[in-house]
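Please look through the model below before reading on.

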Amino acid sequence: MQQTSNSSSNVILKFLLASLLVYALMGVFSGVPASADFTAFIAGLIILFVGLVVLLSFGWYAVVKPLPVPLAPSKNLPLPRELRQGVALALTLLNTVGIIGGLWDVTWHVRSGLPFGEDFFWEPHQFIYVALIVPILIGGFLWVRVLRNSSGTLRQRLQADIPVTLIIFGSMLSLFTLPADPLWHVLYGEDLTGMSVPHLVFSVSSTITAVGVLSILLSYTPARQTWASILNLSRLELLIVFSLALMFVSLLIPMLGDWEAVVLAPDTLPRLPALVEARPDWALPFLAAFAALFPTTMALHITKRFGMATFLWLIASVVRSGSFLFLGYGDTGLSTMLLTLPLVIALDVAVWYRVSRGQALSPIFTALVVTVVGTVAVLPQIPLWFTIPILSASNVPLMIPALFVGAFVSTWMAGRLGDVVATTPRFAQLAEQPIIVRSVARLVSVAAVVIAVIAAFFIVTSTMPGA
């Protein structure tokens with residue numbers, strides 16, 4: 001197995017830095033507290049971002065910085081094949097639990113009106129805590145395995161298996177932001193929306209972990225050299241697309257959930273409309289483009305299959321709407337999905353056009369196509385589904401470039417990360433050898449069924465506050 005190239009490592013560093021800028025901007029959208037709390041708010045931001053800079057510096061040191069010339073990454077991998085695959089599948093299962101918990105959390109907030117900050121120990125958060133704490137424990141376990149089973153300096157050991165190191169780094173970010181969330185509420189006061197900085201940093205950590213997980217799954221399959229249709233997808237490709245569909249659903253919660261809640265719960269969340277209305281009008285199309293195009297672009301670059309973006313959108317729509325119906329959200333959430341559909345179709349068309357003519361994929365070209373389609377088919381949908389913002393001659397000229405920026409940033413970031421996953425080093429496989437070890441597949445399948453039954457029972461028997 002060859003090691004990840006320095007260029008791939010540099011892409012990861014650029015993603016982390018770009019993420020800080022994007023999520024800092026989105027953190028501002030979450031609102032600024034009253035003047036009496038402003039000093040504490042700034043102090044909280046400084047504390048959070050200083051910690052992130054320290055962790056990013058460690059990530060650069062561990063993954064990006066080249067080893068001195070005489071040294072090479074350790075040849076002793078920290079995990080055997082069975083355990084490596086088991087970790088990847090377990091994290092995928094835990095991510096599913098976390099997404100269900102997030103959708104359940106949104107449902108109860110909309111129906112009960114309980115503000116963020118007073119919900120730490122209610123039932124939906126217990127799902128979320130499991131999905132956060134167990135991966136942190138897995139990251140700690142992997143750290144111990146790296147130190148015990150690999151050889152050489154710390155950096156040689158960490159660069160022996162970059163996907164595993166990315167999972168470790170993602171768990172470190174989660175470990176840092178887990179206590180940062182209650183600290184944020186103490187410093188900030190009553191947090192009215194889900195678009196708080198700690199929530200958004202969780203998205204960064206989960207994305208880093210997802211890159212590691214997807215790289216592990218792909219490392220046992222032959223690299224695809226040419227593009228094909230979405231017909232005859234392998235089970236592994238379906239698993240990868242499902243994982244990215246969960247990412248799509250996850251991104252929609254903090255990015256567009258507030259606009260949905262304003263329509264559904266003007267009485268139960270009376271303070272939310274004013275906060276959302278205070279955001280710049282261009283925020284909605286910007287965030288819609290980012291949330292829709294980030295996971296779908298990754299899927300296209302990883303699988304190299306035409307139409308994969310729209311197929312992923314379909315899976316995300318079924319998961320999101322089905323979950324909302326089961327949880328009693330009061331709406332299917334399809335309005336938000338329909339808002340993003342033209343963007344996803346435009347992405348598929350732009351990729352097909354470039355590849356069919358033998359041209360390299362271009363984030364600028366894709367963003368231009370998405371902007372044209374979005375101007376015609378997305379902006380007119382806003383007054384159909386949402387009450388904020390109200391389209392006017394003054395804000396539409398700003399919404400159009402916001403669409404372009406959101407499309408460009410998301411397709412550039414996701415394209416680079418998708419290429420990192422797609423070019424992950426492959427292990428040699430015997431023709432008759434299953435991609436996933438049978439014992440691992442059976443164990444994870446049984447665990448999935450047991451967790452699904454327990455989760456369904458837990459949801460059905462739980463009582464919402466005020467019900």
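Accessible areas come from the Shrake-Rupley method with a 1.4 Å probe, and for residues only the protein chains shown count as cover. In this predicted model, the accessible surface of the protein chain comes to about 19,300 Å², and 70% of that surface belongs to carbon and sulfur atoms. The chain has 467 residues, of which 54% count as buried, and its secondary structure consists of 16 helices and zero strands. Among contacts between residues at least 6 apart in sequence, 84% join residues at least 24 apart.

| Helix | Residues |
|---|---|
| α3 | residues 81-112 |
| α7 | residues 197-218 |
| α12 | residues 334-356 |
| α13 | residues 363-377 |

Helix α3 reaches 47 Å from its first C-alpha to its last, which is close to the 46 Å expected at 1.5 Å a residue, and 24 of its 32 residues are buried, so that this helix is mostly covered.

Helices α12 and α13 form a pair whose axes come within 9 Å and cross at roughly 145°, and the crossing is right-handed. Residues in this contact include P342, L343 and Y353 of α12, together with F365, V369 and G374 of α13. By class, the contact has eleven nonpolar, two polar and one charged residues.

Leaving aside neighbours within four places in sequence, T209 is in contact with L91, I167, G170 and S171.

Note on methods
Residues numbered from 1 in each chain as written. Predicted model: local features only at pLDDT ≥ 70, side-chain atom pairs only at ≥ 80, totals over all residues. Heavy atoms only, no water. Helix = DSSP H or I, 4+ residues; strand = E, 2+ residues; numbered from the N terminus. Expected span 1.5 Å × (residues − 1). Buried < 20%, exposed > 50% of the residue type's maximum accessible area, 1.4 Å probe, protein only. Axes fitted to C-alpha atoms, helices over the stretch in contact; angles between N-to-C directions. Left-handed = near helix turned anticlockwise from the far one by under 90°. Contact = heavy atoms within 4.5 Å. Nonpolar A, V, L, I, M, F, W, Y, C, P; charged D, E, K, R; others polar.
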